[in-house]
Amino acid sequence: MYRFMGRFNRHSITAQFLYLIIIMLAVLLISFVVSNRIAERIIEKKVTDTSGKILLQVEDKMISFYSDMEGISTYLLYSPTVQTYLSSGDALAKILKNDEIISMVSNTMTLKDDIKGIQLYDKDGMPVTSIGVETGESVRYPIRKAYYSGLIAIPDGAGAGNYYSITYPIFNLKSSQVWDYGGTSVFMMDVNNFNQILKNAKVTESSRLWLLDQNNRIMADEGNGLQSGTFSIDEWNKDERFIVQTESLPHSGWKLISAIPKNELLRELNTVQRLNIATYAVMFCILGLFLILFFSRILKPIRSLMDFMKSYPRKGGESRVQVVAPNEIGVLAANLNKMLDEIDTLGKEIQLTQKQKYEIEISKKQMEISAFRNQINPHFLYNTLECIRAIAFYYKVQEIADISTSLSNMFRYSVKGSDFVHIRDELFHIGEYAKIIEYRFIGRIRVAIEADEDVLEATALKMLVQPIVENAVFHGLEKKIDDGIVRIQVHKTPQNQIQYVIRDNGYGMDDKQLKELNDRLRHFDSQSQTSREAKHGIGLSNIYRRIKLFYGDEADMNIESRPGFGTTVTINFPLQHDAEQLEVL
């Protein structure tokens with residue numbers, strides 16, 4: 001069993017399903033044939049038993065008929081008149097009793113319509129009297145018991161027809177001998193009296209009944225069968241279309257033959273068969289519909305899934321399974337598509353994370369290289385600036401001393417190795433830069449700083465604000481005739497983020513320039529562009545790229561500008577107090 005199941009499970013689902021369908025249909029067909037055959041046999045047996053019982057009833061009627069004839073013959077043959085006539089040896093006495101004998105025989109014939117003639121013979125076989133139809137044959141004598149003849153056909157004359165005879169022996173009751181033969185009596189009987197008996201014995205409408213004599217000649221029949229001639233019992237027994245039964249009658253040696261058509265017996269069964277066939281046809285149609293649904297709704301989608309899974313490693317990308325129907329297979333396909341989408345999203349996130357880490361490392365390396373370059377002989381630069389400052393003090397030029405001090409502080413801040421600083425330090429650096437700007441533009445351009453105290457100790461990326469202030473000065477305020485101002489606001493938002501707002505009142509930008517600038521920010525991912533901007537200082541694109549690399553999607557930068565009203569740059573990034581964690585990220 002396990003071996004068979006193992007072999008069965010090696011086949012495909014289609015083959016397994018077809019095998020099961022074939023087995024089920026075979027079982028249904030076998031059950032139909034077997035049940036139909038059993039039903040036929042049961043019906044044939046019941047009809048055969050019924051026909052046998054009816055034939056026994058016919059036999060009983062025939063025996064009853066025989067008894068009636070025995071009584072009639074006894075009434076006639078053993079009457080005192082007949083006994084005296086046959087035992088008398090006086091010829092004159094017989095002549096005188098002749099009328100009485102004829103009268104008595106005539107009265108006997110009236111007792112039964114089937115009696116068509118009676119003949120009396122003495123012990124020597126000589127006729128005594130004859131009334132009605134005669135046999136035309138020599139009489140049998142002496143006999144010990146009643147004898148039934150076969151079919152006697154009288155073709156012409158007044159008594160033309162089919163008859164049979166019953167010959168009874170007449171014994172002398174006055175003799176002391178037990179079997180003292182005294183004569184013979186012959187009763188000519190009409191065979192038509194059996195037709196009604198046979199008619200009442202029909203089992204079905206088309207069944208046939210025959211009464212045969214000792215030589216198988218047909219004496220009487222009922223149904224559309226042979227009406228005369230010799231009946232061939234062997235031929236009818238070989239005919240598979242009929243159920244043939246034979247019953248031999250006692251005393252006479254005649255036979256009752258019953259032939260019942262099988263198709264008539266099975267007519268009702270044929271109706272059941274047609275109903276079964278219709279049922280099986282409907283079942284076949286349902287199975288066919290089920291097969292169509294199975295192949296179209298189950299097997300075909302499963303094959304599509306299998307083909308897709310085989311081809312996906314080659315195609316990959318955005319290829320997905322086509323969801324045909326909202327059934328279980330469709331749900332499976334939809335979930336597979338969802339899983340692939342999630343895998344793609346996860347892969348893209350991993351790629352983006354790896355890219356960000358790679359760019360962070362590159363940025364760090366670039367900043368390290370830049371810092372390394374800036375640190376070449378820093379003491380020489382510091383000493384030079386201190387020398388300038390000392391000379392300024394010596395010559396009492398305070399402005400030069402202040403500018404050199406601010407420039408020295410800015411230089412120290414820019415070459416510090418860490419990427420993160422406290423916001424307080426970042427704002428101090430901007431203040432130093434603002435002093436230089438005020439000296440350069442003789443107070444025409446000012447930088448105003450406003451910061452909440454609770455954010456000064458928070459950490460942030462270094463050099464975020466100063467490049468924006470520099471852009472505002474040289475691109476928005478330098479060409480302006482009137483005074484200009486750059487306002488810097490630092491505070492914490494309700495979303496627990498730090499917000500830098502750098503706003504100037506310079507020339508501003510039109511919509512086209514603003515759109516181009518925002519497009520460069522949103523699509524900034526090129527190292528070559530970074531290198532180009534690095535030649536001109538740290539630009540807005542570099543600032544945007546840095547906050548995205550270090551803070552991810554939690555950081556954002558927005559630029560607003562109107563011609564003649566100035567430009568506003570807003571930077572948002574998460575509030576952090578542990579610079580080491582951000583540096584690791």
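Start with α14 and α16, where α14 passes α16 in a right-handed crossing. Right-handed means that the near helix is turned clockwise from the far one by less than a right angle, and left-handed means anticlockwise. Helices here are DSSP runs of H or I with at least four residues, numbered from the N terminus. The model is predicted, with local features needing pLDDT of at least 70 and side-chain atom pairs pLDDT 80 or more, while totals for chains, interfaces and linings use all residues. Residues are numbered from 1 along each chain as its sequence is written, and side-chain values use heavy atoms, leaving out hydrogens and water.

The axes of α14, residues 511–522, and α16, residues 540–551, come within 9 Å and cross at roughly 35 degrees. Axes are lines fitted to C-alpha atoms over the stretch in contact, with angles from 0 to 180 degrees between N-to-C directions. Leu517, Arg520, Leu521 and Arg522 of α14 meet Leu540, Ser541 and Tyr544 of α16, where contact means heavy atoms within 4.5 Å.

Next pair. The axes of α2, residues 13–77, and α5, residues 193–200, come within 10 Å and cross at roughly 155 degrees. That makes α2 roughly antiparallel to α5, a label for angles over 145 degrees. This crossing is right-handed. On α2, Val58, Lys61, Met62 and Phe65 meet Asn193, Phe194, Ile197 and Asn200 on α5.

Last, an unreviewed UniProt entry lists residues 12–34 and 277–299 as "transmembrane region"; such annotations may be inferred rather than shown by experiment. Residues 277–299 are 100% helix and 0% strand, with end C-alpha atoms 30 Å apart.

Conventions
Helices (H or I, at least four residues) and strands (E, at least two) are DSSP runs, numbered from the N terminus. Angles under 35 degrees count as roughly parallel, over 145 as roughly antiparallel, 65 to 115 as roughly perpendicular and the rest as oblique.
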